[in-house]
Amino acid sequence: MSSSKDKAADPLDEFQDRPSFHIVVPVEDLLGAQRFYIDTLGCVSRSSQDDNFSFDFFGYSITAQRVTPKSYMKPTIPIRGRDVTLPYFGLVLGWDDWHRAIDHMAYIGVDLAIPPAVTTVGDESLASFFLEDLSANFLEFKAFRIIS
């Protein structure tokens, strides 16, 4: 006889509405971070206080928290010749949208910290590029495509 405990529950069954992801990232220059995320990338500001601001990052909630310069240490990993700080965050886009995002970054004048690259392993391609904010927070924009 099977009980409801035997069945693996979907964690989302507990919520009436699908939850959204939230992360807090350290920034040394709060005004510079606001210019980057709000003015340059076009994110929507949600709230602002003396030491932080929250914004909508394409449907996800991010809070930029002011920290004292050099008061924290971020580990790094090498990615395509750059030391990328951890953690990093970003978006998984559709293949065509990823290509449009590259064009858009060029149009709005955003320098790419790590240029676009496509790698193929087996029957899957991964495309990615990275941005970096003024506080060395990296943002990865990537896409996957199955090759038939």
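**Ground rules.** The model is predicted, so I take local features only at pLDDT of at least 70 and side-chain atom pairs only at pLDDT 80 or more, while totals for chains, interfaces and linings use all residues. Residues are numbered from 1 along each chain as its sequence is written, and side-chain values use heavy atoms, with hydrogens and water left out.

**Entry 1: the open sheet.** I began with the strands. Helices (H or I, at least four residues) and strands (E, at least two) are DSSP runs, numbered from the N terminus. Two strands count as paired if DSSP finds at least two bridges between them. I found an open sheet of 4 strands in the order S1-S4-S3-S2, with mixed pairing. S1 (22-27) and S2 (44-48) are the edge strands; each has a single partner strand, so one side of each lacks a neighbour in the sheet. From one strand to the next, the twist averages 25°. Angles here run from 0 to 180 degrees between N-to-C directions, with axes as lines fitted to C-alpha atoms (for helices, over the stretch in contact). A reminder to myself: strands of a sheet pair through backbone hydrogen bonds, either parallel or antiparallel.

**Entry 2: S3 and S4.** How many bridges join S3 to S4? I get 6, between residues 52-57 and residues 60-66, and the two strands run antiparallel. Asp56 has Ser61 in S4 as its bridge partner. In the loop between S3 and S4 I came across Phe58. Its phi is near 55°, a positive value in a residue other than glycine. Phe58 counts as partly exposed because its relative accessibility is 47%; the cut-offs are buried under 20% relative accessible area, exposed over 50%, and partly exposed in between (1.4 Å probe, protein chains only).

**Entry 3: helix H1.** What lies across S1, S2, S3 and S4? I see H1 (residues 30-40) there, running at about 10° to S3. Leu30, Gly32, Ala33, Gln34, Phe36 and Tyr37 are buried in H1. Just past H1, I noted Gly42 with a positive phi of about 85°.

**Entry 4: S8 and S9.** Here I found another antiparallel pair: 6 bridges link S8 (residues 114-121) to S9 (residues 124-132). Val118 sits opposite Ala127 in S9. The hairpin has 2 residues between the strands, and Gly122 in this hairpin has a positive phi near 65°. Further on, I looked at Ala136, in the loop between S9 and S10 (138-146). Ala136 is not a glycine, yet its phi is positive, near 65°. With 24% relative accessibility, Ala136 counts as partly exposed.

Entry 5: Which residues does a cis peptide bond join? They are Leu86 and Pro87, with omega about -5°. Pro87 is in the loop between S6 (82-85) and S7 (89-93). In S7 I picked out Gly90, partly exposed at a relative accessible area of 36%. Gly90 touches Phe57 and Glu140, leaving aside residues up to four places away in sequence; contact means heavy atoms within 4.5 Å. Gly90 and Phe129 are 39 residues apart in sequence, with 10.0 Å between their C-alpha atoms.
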